[in-house]
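Good morning, colleagues. Please turn to the sequence and the structure on the screen.

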Amino acid sequence: MQRYEFNDGKSSKFWQIEQIGAELHISWGKIGTSGQSQVKDFETDEKATAAKDKLVKEKAGKGYVAAGEAPMAAGATPKL
């Protein structure tokens with residue numbers, strides 16, 4: 001899951017996104033919390049990729065910067 005962070009002195013937030021087939025798994029919240037999450041379903045992998053690219057571009061435009069891979073959630077199983 002790719003992680004993006006935003007820090008402006010007033011707020012410290014994260015946003016994460018991962019594409020699994022035609023699904024986008026998105027998480028967001030304040031840094032240091034588990035935040036919220038949602039899954040968005042699309043008709044095709046290509047539509048999910050286009051939506052992911054658009055969302056990443058929007059976040060970058062708001063000042064979010066790539067922070068690498070997100071740490072795995074407690075109890076999550078790594079993908080092999």
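This is a predicted model: local features need pLDDT of at least 70, side-chain atom pairs count only at pLDDT 80 or more; totals for chains, interfaces and linings use all residues.

Let us start with the overall arrangement. In what order do the strands of the sheet lie? The open sheet is formed by five strands, in the order β4-β3-β2-β1-β5, and their pairing is antiparallel. At the edges are β4, residues 36-41, and β5, each of which pairs on one side only. From one strand to the next, the twist averages 20°. As a general point, strands of a sheet pair through backbone hydrogen bonds, either parallel or antiparallel.

Consider now β1 and its two partners. Strand β1 covers residues 2-7, and its antiparallel pairing with β2, residues 12-20, runs over six bridges. These two strands form a hairpin with four residues between them. In the turn of that hairpin, G9 has a positive phi of about 90°. With β5, residues 65-69, strand β1 pairs in the antiparallel sense over three bridges.

I turn to the aromatic residues. The structure holds two aromatic pairs. In one of them, Y4 and W15, the ring centres are 5.6 Å apart and the planes lie at 50°; the pair is therefore tilted, since planes have to be under 30 degrees apart to count as stacked and over 60 to count as edge-to-face. This pair links distant parts of the chain, with Y4 in strand β1 and W15 in strand β2, eleven residues apart. Are these two residues buried or exposed? Y4 is buried, with a relative accessible area of 13%, and W15 is buried as well, at 5%.

The rings of F6 and Y64 make up a further pair, with centres 5.5 Å apart and planes at 35°, so this pair is also tilted. Here F6 belongs to strand β1, whereas Y64 lies in the loop between α1 (45-61) and β5, 58 residues apart. Both F6 and Y64 are buried.

Which residues make up the largest nonpolar core? It has ten residues: Y4, F6, W15, I17, L24, I26, A48, A51, L55 and Y64. At least two residues of this core come from each of β1, β2, β3 (23-30) and α1. The largest share, three residues, is supplied by α1. L55 shows how such a residue is surrounded: beyond its neighbours within four places in sequence, L55 is in contact with W15, I17, L24, I26 and K40. In soluble globular proteins, nonpolar side chains tend to be buried together.

Which residues does N7 contact, leaving aside its neighbours within four places in sequence? They are S12, K13 and I31. The C-alpha atoms of N7 and Y64 are separated by 7.9 Å, although these residues are 57 apart along the chain.

Thank you for your attention.

Notes: Residues are numbered from 1 along each chain as its sequence is written. Side-chain values use heavy atoms; hydrogens and water are left out. Two strands pair if DSSP finds at least two bridges between them. Rings of Phe, Tyr and Trp (its six-membered ring) pair if their centres lie within 6.5 Å; planes under 30 degrees apart count as stacked, over 60 as edge-to-face and the rest as tilted. Buried means under 20% relative accessible area, exposed over 50%, partly exposed in between (1.4 Å probe, protein chains only). Contact means heavy atoms within 4.5 Å. A nonpolar core is a set of buried Ala, Val, Leu, Ile, Met, Phe, Trp, Tyr and Cys residues joined through side-chain atoms within 4.5 Å. Axes are lines fitted to C-alpha atoms, for helices over the stretch in contact, and angles run from 0 to 180 degrees between N-to-C directions.
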